[in-house]
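Okay, thanks for coming, everyone. Let me put the model up and then talk you through it.

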Protein chains: 2
Amino acid sequence: MSGCGAEKGLISIDEALALVQTRPKALTVETLPLGDCLNRYLAKAVCSKVDLPSFSQSAVDGYALSSTLENLQNCTFEVIGEIKAGSETQHQLIDGQAIRIFTGGKTPDGTTHVARQEIVKVESDLTIRLIEHIKPQADIRFVGEEVQSGQQLADVGQRINIGALAALSMAGIPHIDVFRAPKVVVVITGDEVAETPEDLQTGKVFDANGPLLKAWLKDYGLEVDILHIADEAEQVSQCFEQLKQQYDLIITTGGVSVGDYDFVRPCAFATGFEQVFWKVKQKPGKPLFFAEFIQQDHACYLLGLPGNPAAVYVCMQVYGKALLDALQNQRQPLQWFSGMLTHDLKSDARERFLRMNAYFEQGQLKLQSLSKQQSHMLSNLMQANSLVRIPANIQLQAGQVLSGLFIHHSSY
Amino acid sequence: MSGCGAEKGLISIDEALALVQTRPKALTVETLPLGDCLNRYLAKAVCSKVDLPSFSQSAVDGYALSSTLENLQNCTFEVIGEIKAGSETQHQLIDGQAIRIFTGGKTPDGTTHVARQEIVKVESDLTIRLIEHIKPQADIRFVGEEVQSGQQLADVGQRINIGALAALSMAGIPHIDVFRAPKVVVVITGDEVAETPEDLQTGKVFDANGPLLKAWLKDYGLEVDILHIADEAEQVSQCFEQLKQQYDLIITTGGVSVGDYDFVRPCAFATGFEQVFWKVKQKPGKPLFFAEFIQQDHACYLLGLPGNPAAVYVCMQVYGKALLDALQNQRQPLQWFSGMLTHDLKSDARERFLRMNAYFEQGQLKLQSLSKQQSHMLSNLMQANSLVRIPANIQLQAGQVLSGLFIHHSSY
């Protein structure tokens, strides 16, 4: 393809991204058990109801001691009992007494030190001797030293990733308020889907977009239905009419260019959608279409992806992710990495996303482009771990710093 | 905790990782529909049975032409019909003829050029005129230009990520051979799990490890059961005896230290497991335990994680991931990034994994440590996006290059 860069009326990648990130209304908020919230976004800050640790405890397996002496080396202590982790004692230590304790065990009143067992010599069932001196309050974890009751643990917008989920579990948070997960449906348009290899001889192609979108959305955390629909205006309109009431987002592939069978835009308009933008100064993915259907209590968005699978892939990583996040009120800029090109690169009239292999060398991210970048080609995704933004109309040289996105579940 | 670095018999992180990666036997291979293979590893190379593209096709919406002229500017062509994507024509173009065609449409025999519609003037229903000259074979995608029939698409060991799945779909691959997903069970040991905030006053703590491991394994692609078991030797042994026959991997938390209630190792030995290693020169996670139970036709591995949740988190990101991958015959070194420390860092007797915030500046990855790194603390996981390896016994200065791992589904 050639010469498409000069076309008028196209918006830039940054303009398109800003519209995708700011335009959607946030979905409603729901209260869910914490364990069901992996990869959701927090709608209300969470404060701890407890101190962490909640009680003074031993950091090691050893002995809790009570002593007012300055130097404990060679001191002996009377052992008055044992405390397992998860239990407590009624004992109160007085000067010269010790109690057997394990990691996480609640230290009894009167504890001044904890001695790890490696520096303790057991002289009898009832007597221990310290081999080394230890400092006061050694190996004691104090109440609230990590988090104090009432302290904010997580802010609005926090993604509940594995670490966040674990940290909130540790504070005993049973439920949290998160934005509802978007209800998404995928509509694959086009008459060209092959069922068998024989179909390829009659101008059909195997469907990459359906499996691609199903997998992409599953990885994002959403199970979706994939519909196939013929290039036929009435069918497409009927489909949108029905789906717009049931879903928060319709993702289509194909049918958004200027061909005579590109029904997605006219059918969207016929069913009450209004265009937010159409066509982005980018490669691949120029015909990208974004529209909204707004009612008082419901909005449905339509992300019209091009039909070429590389465009589908790139547009989902960039705009699809941003849009799904925005529906959950997460509107932060994408986290672009910056890396250094390892070779020269020819100029192109449109800004491009190239599939690259990114690797680290001495703290520096190096970017190596892959062959077969055309929008109908996908095989280089076996090697690619990143999408890199290439500015338009510039001959780039090795050493140029570029921004990009890592591909999920790739090597990094 | 202090002074633990000098202890003898500990192995290094690299030694432990090598054992975790090389010791497990690969699981059996199964043939599955491609769509069910997201995040699995390929057990047999896949070759394409078709050419991609499978037929010569238009790269644009426009007209397929037949002409032997050198300069096509201002030439007129007779339009003899139309070809939709997904269909074909019986027409054969002869010199001076054109046919309407759309992106992906199969070019008829005799096609010498494709002209995109932007450079075509429609003069009548039957006549078009070219506004610009185009080169021979312009905007034609040729048979096999991306992939030729018989060519290898994906090699053994390829992770079937979203891009790989899409690329194989496009080649019409219906089934692939992948390593079976590991059957994993999680056993949380310890009497100290609190059910309500009131329990915290009696020395108990909320369970972070169960939710953490459930979420971590779900993110890896595995749904697992979480069992809780008391610190009681007979129960632990009974549990292992049963589980070792049903599962490929038992992951335990707690009970692997040297305390009197640390039953995991003795009970593993009592039920036929043999130790591969115990104790790693690292912080957190020193007591990490790895054992194997080998029968003729079945092996079960036991990864004994410490009880502290930060140790659980770190050990899963490093060793858990490597072990699950190795069970699927994926034994490549972990993909460590390299980044530059932004501040000085005190020395420690053990090699450490610190939770850090990593960010890019001009192609350089910068690493900023977070506070509250102790092994019983998790709250900094709200901010952390990486685990960074800190060598032992060295006072580090800003600018030092360190290696680390990005945390899944964090910002990068």
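This is a predicted model: local features need pLDDT of at least 70, side-chain atom pairs count only at pLDDT 80 or more; totals for chains, interfaces and linings use all residues.

Residues are numbered from 1 along each chain as its sequence is written, and chains are lettered from A and ligands numbered from 1 in the order in which they are written.

So, chain A. We have 6 helices and 24 strands there; those are DSSP runs numbered from the N terminus, H or I of at least four residues for helices and E of at least two for strands. The radius of gyration is 30 Å, well over the 22 Å from the globule rule for 412 residues, so chain A is more spread out than a compact globule. That radius is taken over C-alpha atoms, and the rule is 2.2 Å times the number of residues to the power 0.38. Along the principal axes, the C-alpha atoms fill a box of roughly 95 × 50 × 40 Å.

Now the domains, whose bounds come from an automatic or database domain assignment. Chain A is divided into domain 1 (13-28 + 180-327), domain 2 (38-52 + 145-179), domain 3 (57-141) and domain 4 (337-406). Taken over C-alpha atoms, the centres of domain 1 and domain 4 of chain A are separated by 26 Å. Between these two, 13 residues of domain 1 are in contact with 11 of domain 4, where contact is C-beta atoms, placed from the backbone, within 7 Å. On the domain 1 side, strand 17 (282-283) and helix 6 of chain A each give two or more residues, and helix 6 has the largest share, 6 residues.

On to the pair. How do you get chain A onto chain B? You rotate by 180° with 0.0 Å of shift along the axis, and the RMSD is 0.0 Å. That's the relation of a two-fold axis. In chain A, Gln364(A) has the C-alpha nearest that axis, 2.4 Å away.

As for the interface, 93 residues of chain A are in contact with 93 of chain B. Helix 2 of chain A gives the largest share of the chain A side, 8 residues. And 100% of chain A's interface residues are also interface residues in chain B, so the copies meet through the same surface.

Last stop: Ala154(A), in strand 11 of chain A. Is it buried or exposed? Ala154(A) has 22 C-beta neighbours inside 10 Å, so it counts as buried; the cut-offs are 20 or more other C-beta atoms within 10 Å for buried, 12 or fewer for exposed, and partly exposed in between. Leaving out residues up to four places away in sequence, Ala154(A) touches Leu42(A), Ala45(A), Val46(A), Ala164(A) and Leu168(A), plus Met382(B). In the other chain, Leu168(B) touches Ala154(B), among others. That's me done, so let's discuss.

How values were computed:
Copies are superposed by least squares on the C-alpha atoms of residues with pLDDT of at least 70 in both.
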